[in-house]
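Thank you all for making the time this morning. I would like to walk through one structure with you, slowly enough that anyone new to the group can follow along on the screen.

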Amino acid sequence: MALARDRCICLRKFEYSETSQILTLFGREHGLLRVMAKGAHRRTKAGASKFDGGVDLLDLGQAVFTFDTARELQTLTEWHLLEGHLELRRDLRSIYLALYAAELVSVLLEAHDPHRELFDRMEHTLGALATPRREEVFLAFELELFRETGYLPELNACVSCGQVINGLPAGGFSPSRSGVICRNCEAVVHDRISLDPRLLRLLQSLLRLPRQQGATQRLPQLTRHQTDPLNRLLATYIQHTLGRRLRLPDYVIPPVQAGTLAR
Amino acid sequence: MSNYAQSIQNLMNELARLPGIGMRSAERIAFHLLKQKPEEALKLADAIRDVKTRIRHCSVCYNLTEQDPCHICSDPSRDQGLVCVVEQPKDLLALEATGLYKGVYHVLLGRISPLEGIEPADLTVEPLMRRVASGTVREVIMGLNPNMEGDGTALHLQALLASYPNVQVTRLARGLPAGSSIEYANRNILADAIAGRQKM
């Protein structure tokens, strides 16, 4: 079987046995892949290993693997670690944001569907999550991921009547209708989440920012007072859309009282 | 449909549920047991019964033990103020095998793994905090695996322990394993080794 080579990020790992792992990798040229790394933890006495001692979550590496789209599980034959994100591991918030990014990518992408720009964006984001600008970096990545995978909700016009919201205060956000609703339509939409107009304008402006080499340019500095409600809104929306509960939002987004989801 | 008698098939099915044992190995082990004298073969059954009825978690450190507290927690020569936190009893055994550590342990019985749905409440974090709150602990050593989830768990515990200013929080040293070769070390190991270099 033909061997493929790709730059990959490890999104999930499962310790299959004492020495072997099953991994979900995000490859730049191959998209999502599930691979079996047989003997991943095995080393010679001198420390040599075909897998650099085993693959860890969020590791970036050069992978060599069998590639057959007809098979659900490929075989990883080689892994060379390029970046292990040691800086990220020094802060719990950074770890949880990075794992949330990995969870979102693993559920929003289809297997074997490459997204090169998104890969570059994720590689850049994982590095930047270790910096004090992690909150805005994560939010910008989340929006980019939604846009790239076609899950970006409508944020500029009412999803009920089509009226442009830009400049006008919104009546709220509807997860079931995937977007904002105007004041006139708020009474007929029952799953409405209130949304501060300033936060909506912030989301709209983030989506308009120029992008270059895997990063959003001129990203404004944001506080958690701004990003927490937006992350909560987007998490509620994407969980509703996917019809499944994600695990990391509970770690990343502080709980709030009922009825104030995005205030 | 198998041609084996039901009892042999049952034994093979149970053996095949063990890690690393497939149906072929299960078949081989089953026939080995069949060939043995009854008293020899039943020793295995007795050993399994014993381990499941006698072994429990130590009420102090959550190590596996037959007596409660375990022999480490009840050893008066051990430093009760020095607690090494490990993920699994196997990790405790590895540290004990060095013969160098004279403190006591706390076994978390796992690590926080958000992607797998393992939360702090699934571990023995609360008993650790109660132990620290009792005032006998002066240092907690993080002996968790040096990977993303292990580091995350250590940071979570560190945040909880911050409310006890008299308790020092340390972690096991990282870097090159003794007997290894620099050329085979990955960049994480080398980065840790450089950051944690020591004066000679």
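I will talk about salt bridges, then a charged patch, then some places in the backbone, and lastly distances.

Before anything else, please keep in mind that what you see is a predicted model, and that the values I quote are computed from it.

Let me begin with charge pairs. As a general point, side chains of opposite charge can pair when their charged atoms come close. In this model the count comes to 35 salt bridges over all chains, and I will pick out a few of them.

Look at A:Lys13 and A:Glu15, whose side chains meet in a salt bridge with 3.4 Å from N to O. How exposed are the two partners, A:Lys13 and A:Glu15? A:Lys13 has a relative accessible area of 11%, and because anything under 20% is called buried, A:Lys13 counts as buried. A:Glu15, on the other hand, has a relative accessible area of 30% and is therefore partly exposed.

This pair also belongs to a network of salt bridges, which links A:Lys13, A:Glu15, A:Asp56, A:Asp59, A:Arg89, B:Asp151, B:Arg174 and B:Asp192. If you read the chain letters in that list, you will find residues of chain A and residues of chain B in it.

Now, which residue forms a salt bridge with A:Glu83? The partner is B:Arg187, and the closest N and O atoms of the two are 3.6 Å apart. This pair crosses between chains, going from A:Glu83 in strand β5 of chain A, residues 74-83, to B:Arg187 in helix α7 of chain B, residues 187-195. A:Glu83 is partly exposed, since its relative accessible area is 28%, and B:Arg187 is partly exposed as well, with a value of 43%.

For a pair within chain A, please find A:Arg183 and A:Glu186, whose side chains meet in a salt bridge at 3.7 Å, again from N to O. A:Arg183 counts as partly exposed because its relative accessibility is 48%, and A:Glu186, at 24%, is partly exposed too.

With a relative accessibility of 30%, A:Glu148 counts as partly exposed.

Next come some places where the backbone deserves a careful look. A:His85 is not a glycine, and yet its phi is positive, at about 55 degrees. A:His85 lies in the loop between β5 and α1 of chain A, where α1 spans residues 92-108. Is A:His85 buried or exposed? A:His85 is buried, because its relative accessible area is 6%.

In chain B, B:Tyr62 likewise has a positive phi, of about 70 degrees, although B:Tyr62 is not a glycine. You will find B:Tyr62 in the loop between β1, residues 56-57, and β2 of chain B. Further along chain B, the peptide bond from B:Asp68 to B:Pro69 is cis, with omega near -5 degrees, and B:Pro69 sits in the loop between β2, residues 64-65, and β3, residues 79-86.

A:Leu234, in helix α5 of chain A, residues 224-242, is buried because its relative accessibility is 0%. How far apart are the C-alpha atoms of A:Leu234 and A:Glu142? They are separated by 8.6 Å, although the two residues are 92 residues apart along the chain.

A:Arg177, in the loop between β6 (170-174) and β7 (179-182) of chain A, is partly exposed with a relative accessible area of 39%. The C-alpha atoms of A:Arg177 and A:Thr241 are 9.2 Å apart, while 64 residues separate the two along the chain.

Compare that with A:Val107, which is placed in helix α1 of chain A and counts as buried at 18% relative accessibility. A:Val107 and A:His124 are 17 residues apart in sequence, and from C-alpha to C-alpha they are 20 Å apart in space.

For chain B as a whole, the domain assignment gives domain 1, residues 6-54, and domain 2, residues 78-171. The centres of these two domains of chain B, taken over C-alpha atoms, are separated by 36 Å.

Note on methods. Residues are numbered from 1 along each chain as its sequence is written. Chains are lettered from A and ligands numbered from 1 in the order in which they are written. This is a predicted model: local features need pLDDT of at least 70, side-chain atom pairs count only at pLDDT 80 or more; totals for chains, interfaces and linings use all residues. Side-chain values use heavy atoms; hydrogens and water are left out. Buried means under 20% relative accessible area, exposed over 50%, partly exposed in between (1.4 Å probe, protein chains only). Domain bounds come from an automatic or database domain assignment. Helices (H or I, at least four residues) and strands (E, at least two) are DSSP runs, numbered from the N terminus. A salt bridge is a side-chain nitrogen of Lys or Arg within 4 Å of a carboxyl oxygen of Asp or Glu.
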